[in-house]
Amino acid sequence: MAPKSDSAEAIVLNFVNEQNRPINSQNAADSLQKFNLKKTAVQKALDSLADSGRISFKEYGKQKIYIARQDQFQIPNSEELTQMKEANAKLQKQLGEHKKAISQVEEEIRTLQSNLTLEQMREKEAMLRMEVKELEEKLEVLRRGVTLVSPEDRKAIEQIYSEKLSQWRKRKRMFKDIWDAITENSSKDLKEFKEELGIEYDEDVGVNLQSFSDMLPQNRKRPRGK
């Protein structure tokens, strides 16, 4: 008498036949937990099925290994096996094509998701239009030749700049006089002495008084050497 389809034996028998590979009671119990079958119930069902000849088993020491009866399966001949291989190859090819199509669709979806929405494009357009308007207004001011610095301000700045250059020249000259007086009768190497005192010339730090003087308008420049 065949076991009921919802009985433990029916569930275990169906599992063994579906697996069609050697299993032990622990393998079966782990896989059949979804049916709320405990290991003792699974073990009992396996033993009952083996005793009734519905599944095969072999004993290895204290452990029993169960397997589906092979005489219940139709063994394909060489021609059928070839047909099955060809069908499998065809299915594998179709599977590859489907995967490729899915990959292309997913790529298109990612591309669409990375693009701006219509609302975002409108906001971007409004912002760019505002920036263009501001730049056009600035350009129009420059085209009209608007003076950005008044003659009075320019004259005052040039005066301050000229006075700073004069102070620079004066201090440069004062240092030279003092340095010459100190080192006139000194036996020390002047370069080493300068480094010892931590003194740096303009040239040592990459500046030149004359290059700053050349920035003044011609009518405000001092003659060289004065």
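**View 1. Residues 8-68, a span of helix and strand.** In this predicted model, residues 8-68 are 52% helix and 20% strand, and their end C-alpha atoms lie 16 Å apart. Helices are DSSP runs of H or I with at least four residues, strands are E runs of at least two, and both are numbered from the N terminus. UniProt, in an unreviewed entry, annotates this stretch as "domain: Homologous-pairing protein 2 winged helix"; such annotations may be inferred rather than shown by experiment.

**View 2. The largest nonpolar core.** Here you meet 18 residues, and Val12, Val16, Ala28, Leu32, Val42, Leu46 and Ile55 have the most contacts inside the core. Helix 1 (8-19), helix 2 (25-31), helix 3 (39-51) and strand 2 (63-68) each supply at least two of its residues. Such a core joins buried Ala, Val, Leu, Ile, Met, Phe, Trp, Tyr and Cys residues through side-chain atoms within 4.5 Å, where buried means under 20% relative accessible area (1.4 Å probe, protein chains only).

**View 3. Around Leu46.** Beyond its neighbours within four places in sequence, Leu46 is in contact (heavy atoms within 4.5 Å) with Val12, Val16, Ser25, Ala28, Ile55 and Tyr66.

**View 4. Residues 149-206.** This stretch is 71% helix and 0% strand, with its end C-alpha atoms 30 Å apart. The unreviewed UniProt entry lists "domain: Leucine zipper with capping helix" for these residues.

**Reading the views.** Residues are numbered from 1 along each chain as its sequence is written. Local features need pLDDT of at least 70, side-chain atom pairs count only at pLDDT 80 or more, totals for chains, interfaces and linings use all residues, and side-chain values use heavy atoms, leaving out hydrogens and water.

Conventions. Buried < 20%, exposed > 50% of the residue type's maximum accessible area, 1.4 Å probe, protein only.
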